[in-house]
Amino acid sequence: MKQSKLLIQTLRETPKDADVVSQQLMMRAGMIMKLAAGIYDYLPLAFRSIRKFEQIVREELEKDGCQELLMPTVQPAELWQESGRWSFYGKELLRFQDRKGGDFCLGPTHEEVITDIVRRNVRSYKQLPMNLFQIQGKFRDEIRPRFGLMRGREFTMKDGYSFHVDDADADREYWVMFNAYKRIFSRLGVKFRPVEADSGAIGGSFTHEFHVLAGSGEDAILSCDACDYTSNIEKTEAPALCAAGDEKAFELKRDHFCTPGVVGQVEQAAGMKDAEHDGMPLAHTSKFFLYRVTFADESTKLIGAVLRGDHEVNPVKVKNFVGAMDMEMMPLEEAETFTGAKSGFMGPVGLKNVQILVDRSLQGAVNLTCGANRTDYHHFGLDPARDLPGCAFADIRMAVEGELCPRCGKGRYQAFRGIEVGQVFKLGIKYSKSMGCTYLDAEGKEAPMVMGCYGIGITRTVAAIIEQNYDADGIIWPWPVAPYQVHLLNLDPANSEVNEVATKLEKALEAAGFEVLHDEREGLSPGAKFKDADLLGFPLRATVGAKGLKEGIVELRDRRTKEVRKFKPEHMVAEVITARDRMMLELQEAGGR
């Protein structure tokens, strides 16, 4: 491909509206253009990388018997109403009406459509299991699209769905897909982690996310340094930190400490003084949060969460423990009216019609302080098991880096930032039951199919690769998804000898199976061509110039290591083959952990 014919416009300056490295470099490299908030044009270079990643996905899924299909982007409301998600999904679902007044949406995901396809085509247990996938555009009306392709409104996604006769077979396929995803991301050579996660709006009983590790990642991940346990921080198990001991329990002393205007936990602990106490340890203070939760039947309940003063609440754990569909913190003004106290002085004791959850790190704890539900006052002597009748102890706090892993009891948590690029779910019968997707078993009895769901953000993964592979000069593409593999620079296009050698090298490399972008543009200095080559970041840069040919040599430069090799033009193909083989070996060694 001649670069003079390529649809590309490189930029020297970073666009002002580019937030993260991948967005900045893809816009500067002429790979994407912003059309509207969260919506981008994919220009030829970006599209080549996207297609290469899609092919990797197809190859690995087809190894495990997955079948590819394509479903419509526009979906009728009736299907979403059958599943119960039409009102639940929220404003990210872009709804509209056709000319006849029918309600439709742009598909953010395709559980309903695929369930409808299978229920209309599969009847017997002999047709199961079945695993179907598509690679298709999606639209989610994000309230604040940002970070380029990382959190756009329109994006390309691989979504797959499996159907089974029972849980055991669905579990088997879950781990088949889990391992297929490990193969997919390992082929890219990126550092990634499969992490235990929350299933969110999709639903389902258990799930893993796949994260590309990068400092710009939105998700916090904790990983044990002694075992394989890795989890999104929203899901990570916190060690129990059993509080039971020999400390004598005092009776609850109401309004015992007067701490006017002191609401921070550290300040509260220091300010809790009397004749017997010169302040309190932070671990003897408690925090209290009030939530309003909504269940699937649209009923609501108030939930109170009690934690140690030095711990942070994990709302996802609270929501999952009570089995809520939605949860929000009670608005401050409403909470102050309900408890009778200002923020910082609310507490769990004596509240009516509130289900109290206590973090398990306080199980066995005594002599705690808590808000007195009276402004400027705190109780002392709180024993949750005694003073909060009917409370439940549960893991409802955030785990933190350095804590002991409760899975193996040996390792400590290490913290990472991750970009979520894939997820596997076990959906169970959430959709098949509500939508009547059933099969006939060997005895002719009807039963709902058990479902799995498996997604990969195609365009997001391409951006995540850049977030992990760049330097001050530009992108550093891994070989498998580089738009082109060799960037051939003709430094003297007006020189007939240079033109002849460069053209022969282009044809020889393409004949050997390599993808070559030939920069034969006129009127540019060698320095400008080098700058563009570094920005575009293809794995290898081959350089032909009049000065080098006088000595009978051309150059080959490794974009990642910056190593330059000089040799005769006739050795170029062999040198590129050697460099490719070395890069692929390095990718295999670098992939995953």
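A: Two strands count as paired if DSSP finds at least two bridges between them. Strands themselves are DSSP runs of E with at least two residues, and helices are runs of H or I with at least four, both numbered from the N terminus. The model is predicted: local features need pLDDT of at least 70, side-chain atom pairs count only at pLDDT 80 or more, and totals for chains, interfaces and linings use all residues. Residue numbers start from 1 along each chain as its sequence is written, and side-chain values rest on heavy atoms, without hydrogens or water.

Start with the sheet around β6. It is open, has three strands and runs in the order β4-β6-β5, with antiparallel pairing. The edges are β4 (74-76) and β5 (95-97); each has a single partner strand, so one side of each lacks a neighbour in the sheet. On average, neighbouring strands here are turned by 40° against each other, direction ignored; strand axes are lines fitted to C-alpha atoms. Look at one pair. Three bridges hold β4 and β6 (residues 103-106) in the antiparallel sense. Within that pair, Gln 75 faces Cys 105 of β6.

As background, strands of a sheet pair through backbone hydrogen bonds, parallel or antiparallel.

Now the sheet that contains β18. Three strands make up this open sheet as well, in the order β13-β19-β18, and their pairing is antiparallel. Its edge strands are β13 (253-258) and β18 (368-371), and each of them pairs on one side only. From one strand to the next, the twist averages 40°. β18 is joined to β19 (residues 377-382) by four bridges, and these two strands run antiparallel. Here Cys 370 stands opposite His 379 of β19.

Asn 367 is placed in the loop between β17 (354-359) and β18. Its phi is positive, about 60°, although Asn 367 is not a glycine. Most residues other than glycine have a negative phi, and most peptide bonds are trans.

Leu 128 and Pro 129 are joined by a cis peptide bond, with omega about 5°. Pro 129 sits in the loop between α4 (111-121) and β7 (130-139).

Next, a hairpin. β1 (residues 32-36) and β2 (residues 39-42) run antiparallel, joined by four bridges. Ala 36 stands across from Ile 39 in β2. Two residues lie between the strands of this β1-β2 hairpin.

Finish with the helix packing. The axes of α1 (residues 21-28) and α11 (residues 458-468) come within 8 Å and cross at roughly 100°.

Which residues of α1 and α11 meet? Val 21, Ser 22, Leu 25 and Met 26 come from α1, and Val 462, Ala 463, Ile 466 and Glu 467 come from α11. Contact here means heavy atoms within 4.5 Å. The residues of this contact divide into six nonpolar, one polar and one charged. Nonpolar covers Ala, Val, Leu, Ile, Met, Phe, Trp, Tyr, Cys and Pro; charged covers Asp, Glu, Lys and Arg; the others, Gly among them, are polar.

Conventions:
Axes fitted to C-alpha atoms, helices over the stretch in contact; angles between N-to-C directions.
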